[in-house]
Amino acid sequence: MSSDTLAQAPTAPEIPGPPAVPRIVPQRRYGQWTAVVVVLALLGLAATSVVRNRAFRWDVVAEYFTTGSVLRGLWLTLWLTAVVMVLGFALGTLLAAFRLSANPVLRAVGWGYVWLFRSIPILVQLLLWFNIGALYPTLLGVRTVDLLSPVAVAVVGLTLHEAAYAAEVVRGGILSVDRGQIEAAQALGLSRWRRWWRIVLPQAMRSIVPPAGNMLIGTLKGTSIVSVIAVNDLLFSAQLIYHRTYQVIPLLMVATLWYAVVTTVLGIGQVYVEKYYARGTGGTR
């Protein structure tokens with residue numbers, strides 16, 4: 001076979017290989033890393049200032065952190081928070097039922113209550129209740145001053161204030177339940193009580209728990225305002241000590257740390273309660 005014949009012979013077609021994989025280049029986030037460095041630097045400076053500033057007197061903080069008077073004030077704060085939350089949500093649930101009622105009079109009463117007590121600052125409410133004796137010297141045949149102690153005034157004032165917000169939380173939770181589920185329960189012949197207990201309430205709690213948890217923490221911190229009417233809570237206990245020792249900043253830090261500890265515990269508990277009521281919804285975190 002000549003060389004010309006070999007040159008004219010057809011060549012085998014080339015088989016294409018796999019396509020080249022494009023090289024993925026990660027996006028450079030210089031702005032984010034710069035922000036992280038700046039934030040960490042500022043946090044480090046703040047922490048160093050707090051630790052090294054002698055005015056905080058951490059030795060005094062440690063000395064008074066678990067003293068009897070501070071712990072008694074802490075106990076009264078916790079007790080007051082629990083009582084106000086229970087009574088506030090009990091009254092708030094009743095007011096929410098009023099606002100959802102078909103009776104226009106009950107709806108008007110519920111709306112008026114919420115409007116009134118959300119309009120008046122809590123400090124003004126406490127001072128009004130503390131001086132209620134100027135309006136009504138006697139109640140039920142007893143002197144008002146003897147009937148309403150500072151602690152009783154704190155319970156009444158905080159409860160009435162809390163109920164206005166609890167009513168809106170409960171009402172919003174009930175309205176979040178699909179109306180079709182209630183109608184389906186009616187079609188199955190469930191009684192009104194079983195519909196509310198088995199159908200409405202478990203679903204409403206998913207919407208009620210988060211704001212209720214925030215209200216609990218807010219109430220805990222808000223109880224500090226009762227110190228203006230001489231209720232011996234955590235803040236007032238710290239004030240009594242620093243009025244005697246003139247260690248203002250250390251005693252305020254004692255109260256601050258206790259508030260931080262309790263709110264942290266309540267926040268952790270809120271997470272687990274939210275997970276419990278979010279079962280089966282994909283809303284757990």
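This is a predicted model: local features need pLDDT of at least 70, side-chain atom pairs count only at pLDDT 80 or more; totals for chains, interfaces and linings use all residues.
Let me start at one residue: Arg 57 lies in the loop between helix H2 (30–52) and H3, where helices (H or I, at least four residues) and strands (E, at least two) are DSSP runs, numbered from the N terminus. Residues are numbered from 1 along each chain as its sequence is written, and side-chain values use heavy atoms, with hydrogens and water left out.

Back to Arg 57, whose phi is near 50°, a positive value in a residue other than glycine. Arg 57 is partly exposed, with a relative accessible area of 33%; buried means under 20% relative accessible area, exposed over 50%, and partly exposed in between, using a 1.4 Å probe and protein chains only. Tyr 246 also has a positive phi, of about 65°, although it is not a glycine, and Tyr 246 is found in the loop between helix H11 (234–245) and H12. With 68% relative accessibility, Tyr 246 counts as exposed.

Now to the chain as a whole. The protein chain has 12 helices and 2 strands, and from the N terminus on its elements run α-α-α-α-α-α-β-β-α-α-α-α-α-α. Its C-alpha trace spans about 135 × 70 × 30 Å along the principal axes. The radius of gyration of the protein chain is 32 Å, whereas a compact globule of 285 residues would have one near 19 Å; this radius is taken over C-alpha atoms, and the globule rule is 2.2 Å times the number of residues to the power 0.38. Buried residues make up 32% of the 285 residues. Among contacts with a separation of 6 or more, residues 24 or more positions apart account for 75%, where contact means heavy atoms within 4.5 Å.

Next come the aromatic rings. How many aromatic pairs does a search of the whole structure find? The search finds 4, where rings of Phe, Tyr and Trp (its six-membered ring) pair if their centres lie within 6.5 Å, and planes under 30 degrees apart count as stacked, over 60 as edge-to-face and the rest as tilted. One of them is the stacked pair of Phe 56 and Trp 58, with 5.4 Å centre to centre and 15° between the planes. Phe 56 is buried, at 18% relative accessible area, while Trp 58 is partly exposed at 32%. Another stacked pair is Phe 65 with Trp 258, at 4.4 Å centre to centre and 0° between the planes. Because Phe 65 lies in the loop between helix H3 (58–64) and helix H4 (68–99), and Trp 258 in helix H12 (residues 248–277), this pair ties together parts that are 193 residues apart in sequence. Phe 65 is partly exposed at 21%, and Trp 258 is buried at 14%.

Finally, consider two residues of helix H6. Leu 123 lies in this helix, residues 122–130, and is partly exposed, with a relative accessible area of 35%. Not counting residues up to four places away in sequence, Leu 123 touches Ile 225 and Val 228.
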